[in-house]
Amino acid sequence: MDDMNEILRVESLVCGYGREPVVQGVSFTVPSGAFTGIIGPNGCGKTTLIRALVRLLKPSGGRVLYRDQETGAIPYRTFAREVAYVPPAMEVFFPYSVYELVSMARFPFTGRFGRLSAGDREIVAEALSLFELDTLQPRYVWELSDGERQRVFLAQAVAQTPALLILDEPTSHLDIGHQFTIMDILKHLNEAKGTTILCVLHDLNLAAEYCDRLLLMSRGSLAATGTPDQVLTYGMVEDVYQTRVLVYPNPHTGRPYVVGIPRTWLPVVK
């Protein structure tokens, strides 16, 4: 995809929580309409990076630009109409029903009194249906399983009808069947509706199958960027994750498939 049609640009970003930055000098672009994955080992700065992109963490250096405008200069209501974010974990402390929580996504678009229009209600209903939540609408969110709650938060983000959807581990708490279901839905939004997806994933094989482009982070910096074939080489994965792997082409899709080698299989050096 052409970077001239980029929706997000990150320039020499530095951010963290104290004197020592967690993310150091990271630069990349996200083309409009792309499905981009952020991968890397635990503690490498993926979530810190995402928090800076969605304005939950103020950078100490560099810039984040959305459609060529620094995000800090964009009014919050305007930003919320364009960008949706799903964190890795959320808690709901008030007795909201599933329908109420998902419908809150329409508040940036409602009028002065926050009343949903017929069009807003239709968008909410579509998001609930997309994530198979129709029968759960009257249930309190805190009554649901972890997996069900995750689907509710994803439905809320989709009901926001964002141009850019940023997700941090959207398949956490989900079994393998629901993992593929969620990723299929995201791919549908990307291809059918043109939603740009930027997604942190721990599962390298999910990232390889669904993402057009990967950003591989290591120790707060970018170790590699490119297509899954370019990034998920056995040498790169072994170097960044400090573990032995094999990388094969998936026999069904041709995308790279990463297989970890248990340490018990490795020869013992005496």
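**Note on the predicted model**

1. Gln 242 is located in the loop that links helix H9 (234-241) to strand S11 (245-249). The model under discussion is a predicted one. Although Gln 242 is not a glycine, its phi is positive, at about 55°. Its relative accessibility is 55%, and because exposed means over 50%, Gln 242 falls in that class.

2. On the overall architecture, the protein chain contains nine helices and 12 strands. Taken along the principal axes, the box filled by its C-alpha atoms is roughly 70 × 40 × 35 Å. The radius of gyration of the protein chain is 19 Å, which agrees with the value near 18 Å that a compact globule of 270 residues would have.

3. As to burial and surface, 47% of the 270 residues of the protein chain count as buried. The accessible surface of the protein chain is about 13,900 Å², and carbon and sulfur atoms account for 52% of it. Among contacts in the protein chain with a separation of 6 or more, 65% are between residues 24 or more positions apart.

4. Which residues have the most contacts inside the largest nonpolar core? They are Phe 35, Ile 39, Val 98, Val 102, Phe 131, Leu 167 and Leu 186, within a core of 50 residues. Helix H5 (residues 146-159) gives the most to this core, contributing seven residues. Apart from this core lies another, of 29 residues, which includes Ile 7, Cys 15, Ile 38 and Leu 53.

5. Gly 194 sits in the loop between H6 and strand S8 (196-200). Not counting residues up to four places away in sequence, Gly 194 touches Gly 33 and Leu 189. Gly 194 and Ala 163 are 31 residues apart in sequence, while their C-alpha atoms are 7.7 Å apart in space. Is Gly 194 buried, exposed or partly exposed? With 41% relative accessibility, Gly 194 counts as partly exposed.

6. The count of salt bridges comes to 10. One of them joins Arg 149 and Asp 146, with an N to O distance of 2.4 Å. Both residues belong to helix H5 and are three residues apart, about one turn of the helix. Asp 146 is partly exposed, at 41% relative accessibility. Elsewhere, salt bridges that share partners join Glu 11, Arg 63 and Glu 70 into one network.

7. Arg 9 pairs with Glu 6, and the closest N and O atoms are 2.7 Å apart. Arg 9 is partly exposed at 30% relative accessibility, whereas Glu 6, with a relative accessible area of 15%, is buried because that value is under 20%. In the second bridge, the side chains of Glu 143 and Arg 139 meet at 3.3 Å, N to O. Glu 143 has a relative accessible area of 43% and is partly exposed; Arg 139 is also partly exposed, with 32%.

8. How many aromatic pairs are there? The count is three. In the pair formed by Phe 94 and Tyr 96, the ring centres are 6.0 Å apart and the planes stand at 50°, so the pair is tilted. The reason is that an angle under 30 degrees would count as stacked and one over 60 as edge-to-face. Phe 94 is exposed, with 54% relative accessibility, while Tyr 96, with a relative accessible area of 29%, is partly exposed.

Conventions. Residues numbered from 1 in each chain as written. Predicted model: local features only at pLDDT ≥ 70, side-chain atom pairs only at ≥ 80, totals over all residues. Heavy atoms only, no water. Core = buried A, V, L, I, M, F, W, Y, C linked by side-chain atoms within 4.5 Å. Buried < 20%, exposed > 50% of the residue type's maximum accessible area, 1.4 Å probe, protein only. Helix = DSSP H or I, 4+ residues; strand = E, 2+ residues; numbered from the N terminus. Salt bridge = Lys/Arg side-chain N within 4 Å of Asp/Glu carboxyl O. Rg over C-alpha atoms; globule rule 2.2 N^0.38 Å. Contact = heavy atoms within 4.5 Å. Areas by Shrake-Rupley, 256 points an atom, 1.4 Å probe, with all protein chains shown as cover. Phe/Tyr/Trp six-rings, centres within 6.5 Å; stacked < 30°, edge-to-face > 60°.
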